[in-house]
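Subject: Structure for you to look at

Hello,

Here is the structure I promised to pass on. Please open it and keep it in view while you read. My notes follow below.

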Amino acid sequence: MSDNKQQSGFWKSLPGVFTALGGGAGIAAIIAAVIQVTHPSTPAQSNTPPANAATSSPVSQETEGKFTVAANSSLGKAFVNKQSSTRTFHFVANKDKWTYNSNLEPNGADGNINYSRATQKYNLPGFPEGSLIVRQKGEYHFIGHEQTLTLDPNETVFFTINDTGDNNNGGAFNDNQGYLTVEWNCEDCK
């Protein structure tokens, strides 16, 4: 009878659990589970923009970073100066490509070289169609591949693609594809 009590106690102990789980394989499984709970893995990088790419949430409170601007977002990507004073920010778009018209080849941040002067229908007439632009204080400005902006404290600007969005209630953005990644740094935050 005492042997049965000792055996049932063994199966409830940590060595008994390891034995029940298959020895080394059981130990490895438990260690992996503990690591997963205490340090969850980060998702793998992909060629698709993050889920928040089309949102208008602020991108950062740091002095440098990066964010994505989705071509199909009529609102664009918000960027906020979280500093307590007016600051100068430098923006550089990477080599990603996007398109504002499914019938045309994708282009980069400088826009479509074949359509370098957008008509009055576009958010920023006279500048390349499909280029990276920003809405600041209700006015659009060309950003292209690289640009510097001065922002007031807590000022929000919106990065978007030069398309016929405002004049078309955002409908022109439905066929847009791709995104651009923009790196930024605060030039006078140090």
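Start with cysteine 189. Cysteine 189 is buried, with a relative accessible area of 17%. The cut-off for buried is under 20%, so this residue qualifies. Keep in mind that this is a predicted model.

What does cysteine 189 join to? A disulfide links it to cysteine 186. The S to S distance is 1.8 Å. The link is right-handed, with 75° about the S-S bond. Cysteine 186 is buried too, at a relative accessible area of 1%. How many disulfides does a search of the whole structure find? It finds 1.

Now the sheet. Find the open sheet of 4 strands. What is the strand order? It runs β2-β8-β5-β6, and the pairing is antiparallel. Which strands stand at the edges? They are β2 (77-80) and β6 (139-142). Each has a single partner strand, so one side of each is left without a neighbour in the sheet. Neighbouring strands are turned by 30° against each other on average, direction ignored.

A reminder on sheets in general: strands pair through backbone hydrogen bonds, either parallel or antiparallel.

Next, zoom in on one pair. Strand β5 covers residues 132-136. It pairs with β6 in the antiparallel sense, over 4 bridges. Look across the pair: arginine 135 stands opposite tyrosine 140 in β6. β5 and β6 form a hairpin, with 2 residues between the strands.

Lysine 137 lies in the loop between β5 and β6. What is the phi of lysine 137? It is near 50°, a positive value in a residue other than glycine. Why does that deserve a second look? Most residues other than glycine have a negative phi. Is lysine 137 buried or exposed? At 60% relative accessibility, lysine 137 counts as exposed. The cut-off for exposed is over 50%.

Then go to asparagine 154. Where is asparagine 154 found? Its place is the loop between β7 (146-151) and β8 (156-161). Asparagine 154 has a positive phi of about 60°, although it is not a glycine. With 54% relative accessibility, asparagine 154 counts as exposed.

See the disulfide of cysteine 186 and cysteine 189. Trace the sheet in the order β2-β8-β5-β6. Then check the positive phi of lysine 137 and that of asparagine 154.

Best wishes

Definitions and conventions
Residues are numbered from 1 along each chain as its sequence is written. This is a predicted model: local features need pLDDT of at least 70, side-chain atom pairs count only at pLDDT 80 or more; totals for chains, interfaces and linings use all residues. Side-chain values use heavy atoms; hydrogens and water are left out. Two strands pair if DSSP finds at least two bridges between them. Axes are lines fitted to C-alpha atoms, for helices over the stretch in contact, and angles run from 0 to 180 degrees between N-to-C directions. A disulfide is a pair of cysteine sulfur atoms within 2.5 Å. Buried means under 20% relative accessible area, exposed over 50%, partly exposed in between (1.4 Å probe, protein chains only).
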